[in-house]
Amino acid sequence: MQVNELVVQSGPSAAKTSGLEGVVVADTRLSQVDGERGELVIAGSRVDDLAGHASFEAVAANLLGEARYPLDGHLPTLLGRARVAAFVRLADRALGVAAINPMSALMALLAGLGDELDVVGVLGAMPVLVAAHARAHAGLSAIAPQAELGHAADFLSMLGIADTGPRARALDAYLVTVCDHGLNASTFTARVVASTASDTVSSLVAAVGALKGPLHGGAPGPVLDMLDGAARAASPRAWLEAELAAGRRIMGMGHRVYRVRDPRAAVLERAVERLDSELAANGGHDAERTRGRLAQARNMERAAEALLAERHPERRLRANVEFYTAILLEAVGIPRELFSAVFAVGRSAGWLAHVEEQRRTGRLIRPQSRYVGEVA
């Protein structure tokens, strides 16, 4: 059988591009990242116009529609049913992986879905699996989903986080903000697996495995560790200088693509502001904690940007999405060890849309390496 291949590099004399940077391997209608201007477009709309205005379900439907997946305008209902189906099928299995870390558990539980589940079934299963494992890890019983709730609100409910609306709206804005972002490492991984004509679940398991790597999706939790450490120092700058002197990275600063501030950082910063205002309107101490953490984060961002500009004048290292991800998810009430898994819940919409888009090309992604070893 003849197989069409997409070859990134060809021939032994092909020019090497480190990390495939600048190499185009796919045409997509799903998202565009403009690193010079600091702009992210998702399915035809700027992320600034989506987060806090369009629901995760609506944006996911647009992504899947761009991938030519038929939804007929019923994604919220279909997702609710999919969450219930996933809970009935797999919630009890979370007990078997309760002791392992959330990302490894998510991979194991995803694999247990089987290879016949469709795109909507996998998308609906993601928050169920993350929440069921989190509850099992804490020694608590899983909480059944409520099909009539929105995706974000039901996710919080399954995690056992009480909410009257503000936290669900903030989480929904977050899921929208991170749902797709060009051909990043995990999305490329999903497309490579899909290009082999493998099943949807296998593509998602591979994508989660890529996201698990600390160079891709592991920084939101450490951002809070950084802020906690800096709070005990003489000043944010003093703490940052000590970290750099010790050879450690500054978490949440810099991005492989963006040469300016990550637009998602601004979107999430505004989402935290809205959450603070809504919590304050409802009374309680949560707003005070959120406001204090946001002020601390802004001070740290300014100090880090100034210091890094002095150390690296050739490239401005600005806040990335993970910086304010940490602030928002903490304010919502999600434990920091779950941050990467929650990111996967949002990004799964993009992964699945890319899987469908890749399948429609019918082409195997097959880069070529250049041998630099010896011949006996």
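I took helices (H or I, at least four residues) and strands (E, at least two) as DSSP runs, numbered from the N terminus. The model is predicted, so I noted that local features need pLDDT of at least 70 and side-chain atom pairs count only at pLDDT 80 or more, while totals for chains, interfaces and linings use all residues. Residues are numbered from 1 along each chain as its sequence is written, and side-chain values use heavy atoms, with hydrogens and water left out.

Pockets.

I used a 1 Å grid over the protein atoms alone; a pocket is an open set of points where a 1.4 Å probe fits, with protein on both sides within 12 Å along at least five of seven lines, and lining residues have an atom within 4 Å of a point. Grid points are joined across faces, edges and corners, and a volume is the space filled by probe spheres set on the points.

I started with the largest pocket, which has a volume of about 1600 Å³. I found 46 residues lining the largest pocket, with Leu183, Asn184, His255, Arg256 and Val257 closest to its centre. Strand S2 (31-34) and helices H8 (185-195), H14 (321-332) and H15 each give at least two residues to this lining. I sorted the lining by class into 21 nonpolar, 17 polar and eight charged residues. Here Ala, Val, Leu, Ile, Met, Phe, Trp, Tyr, Cys and Pro count as nonpolar, Asp, Glu, Lys and Arg as charged, and the others, Gly among them, as polar.

I then went to the second largest pocket, which holds about 200 Å³ of space. It is lined by 15 residues, and Ala134, Arg135, Pro335, Glu337 and Leu338 are the closest to its centre. Which helix gives the most to the lining of the second largest pocket? I found that it is H5 (residues 119-137), with four residues.

Helix packing.

Axes are lines fitted to C-alpha atoms, for helices over the stretch in contact, and angles run from 0 to 180 degrees between N-to-C directions. I looked up H10 (residues 220-231) and H13 (residues 286-311), which pack at about 90 degrees with their axes 11 Å apart. H10 and H13 are therefore roughly perpendicular (angles under 35 degrees count as roughly parallel, over 145 as roughly antiparallel, 65 to 115 as roughly perpendicular and the rest as oblique). Leu224, Met226, Leu227, Asp228, Ala230 and Ala231 in H10 meet Arg293, Gln296, Ala297 and Met300 in H13, where contact means heavy atoms within 4.5 Å. By class, I noted seven nonpolar, one polar and two charged residues in the contact of H10 with H13.
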